Amino acid sequence: MEIAKYKMALENYCPELTRQEDFFPFWENEIKKSNELSLQTEMNLLDYPLSQVKVYDVTFQGVNGVQIHGWYMVPDFIAEKKYPCMVCYHGYGGSRGVPSDHMLWILAGMAVFAVDCRGQGGITGDSGCASGGGIYGLTCRGILDKEDYYYREVYLDCIRSLDVIWSRNEIDRDKIVLYGISQGGGLAMAVASLDNRPAMVLADVPGNSDLERRVEGEHGSFGAVSNYLKYYPHNQQKVYKTLSYFDTMNMAERMKCPVHASVALKDVTCPAECYFASYNRITVKKTIDIYPYNGHENAYGVHMEKKLAYLKEEHII
């Protein structure tokens, strides 16, 4: 009974937006500037042990000239003229992984583009110079200025990853799916809110939502911002203003594609409440699976089966 009440509370959770007046003009201008940059994409075919898949080591130019690394993978066991594509964004501190991490999507007949976030656990570097705060973690880097903030670069890099896929003749542009867990789920939400090209979002235990609450609760990576404010409490207003531009609850109403999401009620890294601040503002087709007894691991295998079924139901695979 208590779980039922909690779920009802989640469905009604809609904190006041923190969106600034120039929110959408800011993003329109940033995307415009990003679009003026050459992608400089390079794809090097690997001699991969499995003949059923072609694996490419990819780099493309992100903002500020940083070379972003990724894996581009295409099924080679089916003769399709056009492939649906899964664009994968990883969790905080993670990376594009290794090609075998993404083989389930290949088996489903999808191409895959798995992308590094700059300066995290992969081989992608980060040449950005922020105004301050970076010693507490990447979520603090440039925290006093939206144009200097770490996630401005990451969001734009992720949008540019769609440009790479958009240029591939073998990709079905009507079947581009964004997929991510934790930070990656938040990135998928942000990209689909700021760009109309995705056909679907799969977001598991997503981050980057209801950021003030995440800071105040010291949840996950945004606990670093709380730590920063212990030493610089006079900067709280500036910090919250910066974060407002990267909070997916302030942009979720702009999403144009279906969303299939998941949350776990014992998750203290990306609490379910925080994501519902975004989910409850999505106006297009949406579904969510709630796991009452799981934490941030989010019933991974069980939910993977549901994601495959959802892709089939929506005629992506």
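This is a short tour of one predicted model, stop by stop. Residues are numbered from 1 along each chain as its sequence is written, and side-chain values use heavy atoms, without hydrogens or water. Because the model is predicted, local features need pLDDT of at least 70 and side-chain atom pairs pLDDT 80 or more, while totals for chains, interfaces and linings use all residues.

**Stop one: strand E8**

Select residues 259–264, which form strand E8; strands here are DSSP runs of E with at least two residues, helices are runs of H or I with at least four, and both are numbered from the N terminus. Six of the six residues of E8 are buried (buried is under 20% relative accessible area, exposed over 50%, partly exposed in between, with a 1.4 Å probe and protein chains only). Val259, Ala261 and Val263 point one way, and His260, Ser262 and Ala264 the other. In a regular strand, side chains alternate between the two faces of the sheet.

Strand E7 (residues 200–204) runs parallel to E8 and is joined to it by four bridges; strands count as paired if DSSP finds at least two bridges between them. Asp204 has Ser262 as its bridge partner in E8. Follow the chain from E8 through helix H9 (residues 272–279) to E9 and you trace a right-handed β-α-β crossover (with the strands pointing away from you, the path from the first strand over the helix to the second runs clockwise).

**Stop two: the salt bridges**

The structure holds 17 salt bridges, each a side-chain nitrogen of Lys or Arg within 4 Å of a carboxyl oxygen of Asp or Glu. Select Asp22 and Lys146, whose closest N and O atoms are 3.9 Å apart. Asp22 sits in the loop between H1 and H2 and Lys146 in the loop between E5 and H4, so this pair ties together parts 124 residues apart in sequence. Asp22 is partly exposed at 31%, whereas Lys146 is buried at 19%.

Next, pick Glu153, buried at 4% relative accessibility. Its side chain meets Arg118 at 3.4 Å, N to O, and Arg141 at 2.5 Å. Arg141 is buried too, at 9%.

**Stop three: Glu212**

Finish at Glu212 in helix H6 (residues 211–216), partly exposed at 26%. Beyond residues up to four places away in sequence, Glu212 touches Thr18 and Tyr240, where contact means heavy atoms within 4.5 Å.
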